[in-house]
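Subject: Structure handover

Hello,

Here is the structure for you to look over. My notes follow below it.

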Amino acid sequence: MRVYVILSNAYAAARKWKDTARLRASVGNKVMKKTPACSWTEIKSNPYRLRINEALKDLFERMEQEGYVPTTKEALHDVEDEQKKNLLHYHSGRFAIVFGAISTPDGRTIRLINNL
């Protein structure tokens, strides 16, 4: 399965969207499943939603003030650059980091775990 994922990513990086779609369909026909990478934080309810969104907005603004420019070529999706920026800004990893930052005491280590 790993070889199919690597080949699919290579096609996407080369902007060969038809080949990417064909390979993904082929994998789907073979009843292979790949769980996409994700970040998670387990909570029973989400009273932090508004605080998370405000903190994300603040984070994006501070990053841009410091000179951060997202590298959209790493977003392997067949969409416009502006949409790629939004995908990168609202990536689940950033949600996990912001949630950790607003829900833990200052100075505490936050570890982000991804299932790649």
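What share of the 116 residues in the protein chain do buried residues make up? The answer is 20%. Buried means under 20% relative accessible area, exposed means over 50%, and partly exposed lies in between (1.4 Å probe, protein chains only).

Some ground rules. This is a predicted model, where local features need pLDDT of at least 70 and side-chain atom pairs count only at pLDDT 80 or more, while totals for chains, interfaces and linings use all residues. Residues are numbered from 1 along each chain as its sequence is written, and side-chain values use heavy atoms, with hydrogens and water left out.

Confidence
pLDDT is the predictor's confidence in each residue, on a scale from 0 to 100. Its mean over the protein chain is 76. Of the residues, 77% reach 70 or more. Among the elements, H3 has the highest mean pLDDT (86) and H4 the lowest (74).

Overall layout
The protein chain has five helices and zero strands. Along the sequence, the pattern reads α-α-α-α-α. Helices (H or I, at least four residues) and strands (E, at least two) are DSSP runs, numbered from the N terminus. Take the contacts with a separation of 6 or more: residues 24 or more positions apart account for 63% of them. Contact here means heavy atoms within 4.5 Å. The protein chain exposes about 9200 Å², and carbon and sulfur atoms supply 52% of that. Accessible areas come from the Shrake-Rupley method with a 1.4 Å probe; for residues, only the protein chains shown count as cover.

Core and H5
The largest nonpolar core has six residues: Ile52, Leu56, Phe60, Val98, Phe99 and Ile102. Helix H3 (49-65) and helix H5 (92-103) each supply at least two residues of this core. A nonpolar core is a set of buried Ala, Val, Leu, Ile, Met, Phe, Trp, Tyr and Cys residues joined through side-chain atoms within 4.5 Å.

H5 has 12 residues. From its first C-alpha to its last, H5 reaches 16 Å, close to the 16 Å expected at 1.5 Å a residue. The expected span is 1.5 Å times one less than the number of residues in the helix. The buried residues of H5 are Gly93, Arg94, Ala96, Val98, Phe99, Gly100 and Ile102. Their cover includes H3 and helix H4 (81-89).

Threonine 20
Threonine 20 sits in helix H2 (residues 17-29). Is this residue buried or exposed? Threonine 20 is buried, at a relative accessible area of 3%. Leaving out residues up to four places away in sequence, threonine 20 touches Ser8, Tyr11 and Ala12.

Salt bridges
How many salt bridges does the rule count? The count comes to two. The rule asks for a side-chain nitrogen of Lys or Arg within 4 Å of a carboxyl oxygen of Asp or Glu.

- Arginine 22 and aspartate 19: their side chains meet at 3.5 Å, N to O. Both lie in helix H2, three residues apart, about one turn of the helix. Arginine 22 is partly exposed at 48% relative accessible area. Aspartate 19 is also partly exposed, at 25%.
- Aspartate 58 and arginine 62: their side chains meet at 3.6 Å, N to O. They are separated by about one helical turn, because they are four residues apart in helix H3. Aspartate 58 counts as partly exposed at 37% relative accessibility. Arginine 62 is exposed, with a relative accessible area of 52%.

Best regards
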